[in-house]
Amino acid sequence: MATFDLVIRGGTVVTATDSTLCDVGIRNGRVAALGEGLAAGTREIDAGGKLVLPGGIDSHCHIEQLSGMGIMSADDFRSGTTAAAFGGTTTVIPFAIQNRGESLRRVVDDYRALGDARAVIDFAIHMIIADPNEQVLGQELPALIRDGYTSFKVYMTYEGTRLDDYQMLDVLTAARREGAMTMIHAENWDMIRWLTKRLLDGGNRAPKFHGVSHAQIAEGEATHRAIALGRLVDTPLLIVHVSAEEAMEEIRMAQAKGLKVYGETCPQYLFLTLDDLDRDGMDGAMYCCSPPPRDKAGQEAIWNGLQTGVFQVFSSDHAPYRFDETGKLKAGPNASFKEIANGLPGIETRMPLLFSEGVGKGRIDLQRFVDLTATAAAKLYGLYPRKGTIAVGSDADMAIWDPAREVTLSADMLHDNTGYTPYEGMVLRGWPVTVLSRGRVVVDGGELDAKPGSGEFLPCDRTGFAAPLNRIPKELDPKRNFGAQILF
Ligand code: URP
Ligand code: ZN
Ligand code: ZN
């Protein structure tokens, strides 16, 4: 009888810390051995000349989710996770969104059922909290966290979801108490709606004005404020989808002070610019997302943040809406920028884009690539070391990359349901050719071999990344504040 179920032979195994030429032995869905000349497997894959990387973790993607404008994302769990797998990702963490008045437990249970039924790779779930009332923060949230939903996103913008600063403090305090990770969409809502009204009053309706209304300073200010709110109650937080240089610099400064402030950026801020929103006719609508891509200099700044460690995670923020009346153009072919669904696709292209333009062009090394696309997310969200690395005992989630394969991106070759890619025509070098999820070969030779529902739900642990720095928040310490007693 063979020693292993599967042996991947002779590839270069890459983790966030090392590159080693060795075999990988897989048994019962887990990595059982790493070494030279491993014994036989029932199945063997020759990875000579290839890279064996941990499967990616896309820790920010919107799948089977209704937008604030009431538009259903083009991807359900089946198409979304299929596209993810083809792009080298083996774990996704999408969002169960609470609307005001809804029970958080209810929306999480309903969303979990969708993933259980249709996911082809493993998934965890973040929550979105839009109604942080006493019942939600005091009862539902602690129980959900115990059940493995240990992270949630809050919005400082959008009419339907935004929290005011008072609510933000309540939420951050609950996160502190429960050890949850808070993800923050940081944009100043009043700045955006003030700019939007004036733009529209002046007849400025084209998609490019989305970029004007979501001004850099709106992102920078809200990021500064979010960090200050987190500091007041001493709660770690993660600023998601950072696009503005000044927001990034706020995060850098907070990190330099030793605060537990983490940053995430996305492909659209490295590979798109404001000029894309100014494409002919309504084509710019395909590039409207929030926050929007910035100018060329801003794009370079975000690359710098990636290289210098300001950002821990690189996620897709896949928010797929078709370029038709079911999606981007739901408000009609001449919709104003305010009526265009925010978001763009990218779950399959996330890793190949960064591999080609980041590793291939010498901007980051392979270890940093693995960290940004897999390991750091596993650590931040409590999935490590089960996910996010290749080590004995870890789930055998990995992708075998051909670093020399050239691929010209086009919507036709991708597996999501959006019908377009913002990166049409880009020529990339390096592609994941074989993808394993818990030892199952789910993608090989351009084919998917995984049934809907074969992906498993992953309960997340609480992690030290979400733990406060001090027993009593420094800003509220009675010894420094005339005896003020604020109980947590
Ligand atoms: O435009 C975007 N990013 N839409 C998705 C929702 C969000 O805020 O992440
Ligand atoms: Zn957001
Ligand atoms: Zn998002």
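Modeller: H185 and H241 are both buried, meaning under 20% relative accessible area, with exposed over 50% and partly exposed in between, using a 1.4 Å probe and protein chains only. The model is predicted, so local features need pLDDT of at least 70 and side-chain atom pairs count only at pLDDT 80 or more, while totals for chains, interfaces and linings use all residues. Residues are numbered from 1 along each chain as its sequence is written, chains are lettered from A and ligands numbered from 1 in the order in which they are written, and side-chain values use heavy atoms, with hydrogens and water left out.

The zinc ion (ligand 2) is coordinated at 2.1 Å by ND1 of H185, NE2 of H241 and NZ of K153. Donors are N, O and S atoms within 2.8 Å of the metal (3.2 Å for Na, K and Ca); water is not among the atoms, so sites may look incomplete. Along the chain, the donors of this ion have the spacing K-x31-H-x55-H. H185 lies in strand β11 (residues 181-185) and H241 in the loop between β12 (237-239) and α8 (245-256), 56 residues apart, so that the pair links distant parts of the chain. Helices (H or I, at least four residues) and strands (E, at least two) are DSSP runs, numbered from the N terminus. The zinc ion (ligand 3) is 3.9 Å from the zinc ion (ligand 2).

As for the helix pair, α12 passes α13 in a right-handed crossing, the near helix being turned clockwise from the far one by less than a right angle (left-handed if anticlockwise).
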